[in-house]
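Here are a few exercises to work through with the structure open in your viewer. Try each task before you read its solution.

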Amino acid sequence: MSTGAWSPVSLAVVSAGVGHPHPTRLLADWVAEAVCRSLAAGGARAEVEVLELHRPTADLARHTAQGRASLDLREAIAAVVGADGLVVATPVLTASPNEVFDSFLAALGGRVLSGMPVLLALNSGTGRQSPDVAQVIRGCLTDVHADPVPTVVVACPADWRATAHGDAARLRACIDQAAAELAAAMRSHRQ
């Protein structure tokens, strides 16, 4: 099937940043834009749905405590599960994603993301994270049977300072590489 004959592809973007505005959401937006450009270069148009996990935190807490998902949480899960590809952007302060992201993965459960191409973007509150941090979070995604692309985007305080001065070359190059990988994985997954 040629990519030009595709119906629009769907890209879900999950931003686990808390508060507003948050650099994690900015990172998620940059990554989503790059994925859309990569898909367009291959002849596909993407429909993007952004889910900010700080909004359903009470629903996630209720789900964790009682095992019941609200309508809003069920709709968020359906948007992720029904997508052709997924961008996950989460802040990282230690060797794991934030609690909101962990709760959302738990709400997804089992094999619902089986084979789903995923791009992982980490907003580090400290210097560059070690590869172990990326591996821990990639492990969280593979536990729900998602298929993370090889390149993990990591934005650290130095990247945000460089961006403020109009020099985001390192971060942009990493985003473009990961976006190209996700676009290719989405095309393969859809065929």
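**Exercise 1. Work out how α3 and α4 pack against each other.**

Keep in mind that this is a predicted model. Start with the geometry: the axes of α3 and α4 lie 10 Å apart, at an angle of about 80 degrees. Angles from 65 to 115 degrees count as roughly perpendicular, so α3 is roughly perpendicular to α4. Next, pick out who makes the contact: α3 brings Leu73, Ala76, Ile77, Val80 and Val81, while α4 brings Phe104, Ala107 and Leu108. Now sort them by class, and you get eight nonpolar residues, no polar and no charged ones.

**Exercise 2. Find the buried residues of α3 and say how they are arranged around the helix axis.**

First, list them: in α3, which spans residues 71-81, the buried ones are Leu73, Ala76, Ile77, Ala79 and Val80. Then look down the axis of α3: these buried residues fall within an arc of 160 degrees, so they line one face of the helix.

**Exercise 3. Is Val35 buried or exposed, and which residues does it touch?**

Locate Val35 in helix α1, residues 23-41. Its relative accessibility is 0%, and under 20% means buried, so Val35 counts as buried. Leaving out residues up to four places away in sequence, Val35 touches Leu11, Val87, Leu119, Ala179, Leu182 and Met186.

**Exercise 4. Compare the salt bridges Asp29 makes with Arg25 and Asp176 makes with Arg37.**

The structure holds five salt bridges, and these are among them.

- Asp29 and Arg25: the closest N and O atoms are 2.8 Å apart. The two residues are four apart in helix α1, so about one helical turn separates them. Asp29 is partly exposed at 24% relative accessibility, and Arg25 is partly exposed at 22%.
- Asp176 and Arg37: here the closest N and O atoms are 3.4 Å apart. This pair links distant parts of the chain, with Asp176 in helix α7 (residues 169-190) and Arg37 in helix α1, 139 residues apart. Asp176 is partly exposed at 38%, as is Arg37 at 46%.

Key
Residues numbered from 1 in each chain as written. Predicted model: local features only at pLDDT ≥ 70, side-chain atom pairs only at ≥ 80, totals over all residues. Heavy atoms only, no water. Buried < 20%, exposed > 50% of the residue type's maximum accessible area, 1.4 Å probe, protein only. Arc of directions from axis to C-beta. Axes fitted to C-alpha atoms, helices over the stretch in contact; angles between N-to-C directions. Parallel < 35°, antiparallel > 145°, perpendicular 65-115°, else oblique. Contact = heavy atoms within 4.5 Å. Nonpolar A, V, L, I, M, F, W, Y, C, P; charged D, E, K, R; others polar. Salt bridge = Lys/Arg side-chain N within 4 Å of Asp/Glu carboxyl O.
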